[in-house]
Amino acid sequence: MTTSENQLVHCVYCGKGIKKSGEGIIQISDSRWCHKKCYDEFHAHRIRNLSEEEKRETDMNTLRQYIHEAFKGMNPNWPIIGREIKQFQQIGFSLSGIHKTLIYLFEVKQIDRFRLGGHINVVARYYQEAKNYYQKIYVNNKNALDNYKQESEQIKILEPQPIRNIKILDIDSFEKGDN
């Protein structure tokens with residue numbers, strides 16, 4: 001590890017100090033870094049307000065970023081991956097669906113990335129399975145929220161009690177016997 005990897009930089013979104021080599025750190029450009037959580041929150045908020053073309057571009061950048069991170073230490077074959085993404089889109093897969101399928105494969109099913117040889121062609125086999133997995137999570141979370149009933153707790157604030165006047169005594173006067 002070089003000293004530049006241990007260099008402390010600031011997250012572009014939250015401003016907190018982070019190490020370049022830390023877990024969950026994303027390099028946005030040559031000199032800009034951020035937490036993965038901050039990046040995801042910022043882009044999730046941005047995506048809600050984008051046009052269709054901007055959303056597609058953002059989804060493509062997010063997918064490329066994830067592929068780049070997933071195949072770190074390997075040399076992903078970008079021309080073939082680009083063709084595979086186009087083929088997936090032609091058969092009706094969304095960019096965010098491809099991204100979520102890759103997350104499902106690598107983080108849930110824990111498929112070895114090195115066995116894929118820098119390709120993402122397995123997405124076609126697991127797309128529907130990943131979709132069912134995320135739908136099940138969504139339904140379970142929705143049911144949990146529907147069943148959650150917030151109970152209010154009544155807090156009683158007591159009236160302040162008046163402070164009694166306390167005479168201050170001089171201790172030195174007691175020692176001398178001057179009461």
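# Pockets, helices and ring pairs

Student: By class, how many nonpolar residues are in the lining of the second largest pocket?

Tutor: A pocket is an open set of points on a 1 Å grid over the protein atoms alone, where a 1.4 Å probe fits, with protein on both sides within 12 Å along at least five of seven lines; lining residues have an atom within 4 Å of a point. Nonpolar covers Ala, Val, Leu, Ile, Met, Phe, Trp, Tyr, Cys and Pro, charged covers Asp, Glu, Lys and Arg, and the others, Gly among them, are polar. By class, the lining of the second largest pocket has 2 charged, 3 polar and 5 nonpolar residues.

Student: What kind of model is this, and what limits apply to its local features?

Tutor: Residues are numbered from 1 along each chain as its sequence is written, and side-chain values use heavy atoms, with hydrogens and water left out. The model is predicted: totals for chains, interfaces and linings use all residues, side-chain atom pairs count only at pLDDT 80 or more, and local features need pLDDT of at least 70.

Student: Which element gives the largest share of the lining of the second largest pocket?

Tutor: This pocket has a volume of about 250 Å³, where a volume is the space filled by probe spheres set on grid points joined across faces, edges and corners. Its lining is Gly97, Lys100, Thr101, Tyr127, Ala130, Lys131, Tyr134, Gln135, Ile137 and Tyr138. Two or more of these residues come from each of α4 and α5 (123-147), helices being DSSP runs of H or I with at least four residues and strands runs of E with at least two, numbered from the N terminus. The largest share, 7 residues, comes from α5.

Student: Which element gives the most to the lining of the largest pocket?

Tutor: The largest pocket holds about 920 Å³ of space. Of its 31 lining residues, the closest to the centre are Ile26, Lys36, Asp40, Tyr66 and Glu69. The elements that supply at least two residues each are β3 (25-27), α1 (36-47), α2 and α4 (95-108). With 8 residues, the most comes from α2.

Student: How many charged residues does the lining of the largest pocket have?

Tutor: The lining of the largest pocket counts 31 residues. By class, they are 10 nonpolar, 10 polar and, for charged, 11.

Student: How far does helix α2 reach from its first C-alpha to its last?

Tutor: Helix α2 runs over residues 52-70, which is 19 residues. The expected span is 1.5 Å times one less than the number of residues.

Student: What is the centre-to-centre distance in the pair of Phe93 and Tyr127?

Tutor: Rings of Phe, Tyr and Trp (its six-membered ring) pair if their centres lie within 6.5 Å; planes under 30 degrees apart are stacked, over 60 edge-to-face, the rest tilted. The structure holds 6 aromatic pairs. Phe93 and Tyr127 form a stacked one, with 0° between the planes and a centre-to-centre distance of 3.8 Å.

Student: Is Tyr127 buried or exposed?

Tutor: Phe93 is buried, at 13% relative accessibility. Tyr127 has 12% relative accessibility, so it counts as buried.

Student: How many residues apart are Tyr104 and Tyr133?

Tutor: Tyr104 and Tyr133 form a tilted pair, 5.0 Å centre to centre with 50° between the planes. Tyr104 is in helix α4 and Tyr133 in helix α5, and their separation in residues is 29.

Student: What is the phi of Gln110?

Tutor: Gln110 lies in the loop between α4 and α5 and counts as exposed because its relative accessibility is 62%. Most residues other than glycine have a negative phi. Gln110 is not a glycine, yet its phi is positive, at about 55°.

Terms used. Buried < 20%, exposed > 50% of the residue type's maximum accessible area, 1.4 Å probe, protein only.
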